[in-house]
Amino acid sequence: MKVFIVHAHHEPQSFNASMKNVAVEQFQAQGHEVQVSDLYAMQWKAVADASDFGSRANPDHLVYALEQRSAYQAKTLAPDIMAELEKLQWADLVIFNFPIYWFSMPAILKGWVDRVLISGLCYGGMRFYDRGGLRGKKAMLAVTIGGQPHMLTEGGVHGPLEDMLRPILRGTLGYAGMSVLPPFVAWHVPYIQPEQRTAIMEQYRQRLRDIDALQPMSFPSMDDFDAMLHPKPAATA
Ligand SMILES: Cc1cc2nc3c(=O)[nH]c(=O)nc-3n(C[C@H](O)[C@H](O)[C@H](O)COP(=O)(O)OP(=O)(O)OC[C@H]3O[C@@H](n4cnc5c(N)ncnc54)[C@H](O)[C@@H]3O)c2cc1C
């Protein structure tokens, strides 16, 4: 298997960075190929703007998604985006390794999503969910978080974890066609005892060993919607 880890933590000694290191070690020990994009170390440019295009289809008015399409065809996308696209297209499994920031991902990773998951290739023209451009690839979030499990449940103070992560799990990875595996969450890591952290890391290793057996999350099939994206009447028996 070809594994691409997109890592977004600024501190190499963090628990989050250790999770990335453990994943590299674990996958390589199992004979898998691994590539890592360490976004802070790469000084990844997070802002989607005109400088992402070497030439412009419309120099007068920037419509970012349309320029993504034409620049990809013309091979004039910025080299840093092209390099990430090559890793993405190479991968069978993409792991997004990051700390939860504001119920979401750090800005540097959001910038990776905005710039790399390009229109035309990854989605577009009614190609999303099971018709998305990245279908056939698996994705998994590996996250650290300050909060505790009981806070992110139905009835918990912040509501269910899946609701918090919906823009990423469904609105990004599922939308682009990926098979989205259940997230791995390292809960409350800054506040727990060292032996508890060691136990979480072992659970993560086990999750990685079992990854082939994981069932992806369920998202809509485009076959169930008409050309205007209204639900089709349910088939009658
Ligand atoms: C801007 C911002 C927004 C945030 N928003 C939210 C939010 O919405 N919800 C929420 O719950 N939290 C939020 N947080 C908290 C954040 O998610 C956590 O602080 C972060 O995920 C903790 O992970 P870490 O890797 O940075 O921890 P660290 O503090 O780096 O790690 C904890 C400890 O683990 C140790 N460690 C490192 N490697 C290992 C190892 N291999 N084995 C054992 N121990 C090890 C480290 O030395 C450290 O002592 C936010 C934080 C910020 C800065």
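R131 is partly exposed, with a relative accessible area of 38%; here buried stands for under 20% relative accessible area, exposed for over 50% and partly exposed for what lies in between (1.4 Å probe, protein chains only). D223 is partly exposed too, at 43%. The two form a salt bridge with the closest N and O atoms 2.6 Å apart, a term for a side-chain nitrogen of Lys or Arg within 4 Å of a carboxyl oxygen of Asp or Glu. R131 sits in the loop between α4 and β4 (138–145) and D223 in the segment after α7 (194–209), so this pair ties together parts 92 residues apart in sequence.

A word on the model: it is predicted, local features need pLDDT of at least 70, side-chain atom pairs count only at pLDDT 80 or more, and totals for chains, interfaces and linings use all residues. Residues are numbered from 1 along each chain as its sequence is written, and side-chain values use heavy atoms, leaving out hydrogens and water.

The whole structure holds 10 salt bridges, including these:

| Pair | N to O distance |
|---|---|
| R131 and D223 | 2.6 Å |
| E84 and K87 | 2.8 Å |
| R56 and E67 | 3.6 Å |

R56 is partly exposed at 26%, whereas E67 is buried at 2%.

Now to helix α3 (residues 79–90). E84 and K87 are three residues apart in this helix, about one helical turn. E84 is buried at 1% and K87 is buried at 15%. I81, L85 and L88 complete the buried residues of α3. Exposed P79 and E86 lie on the face turned away from that buried side.

Technical notes. Helices (H or I, at least four residues) and strands (E, at least two) are DSSP runs, numbered from the N terminus.
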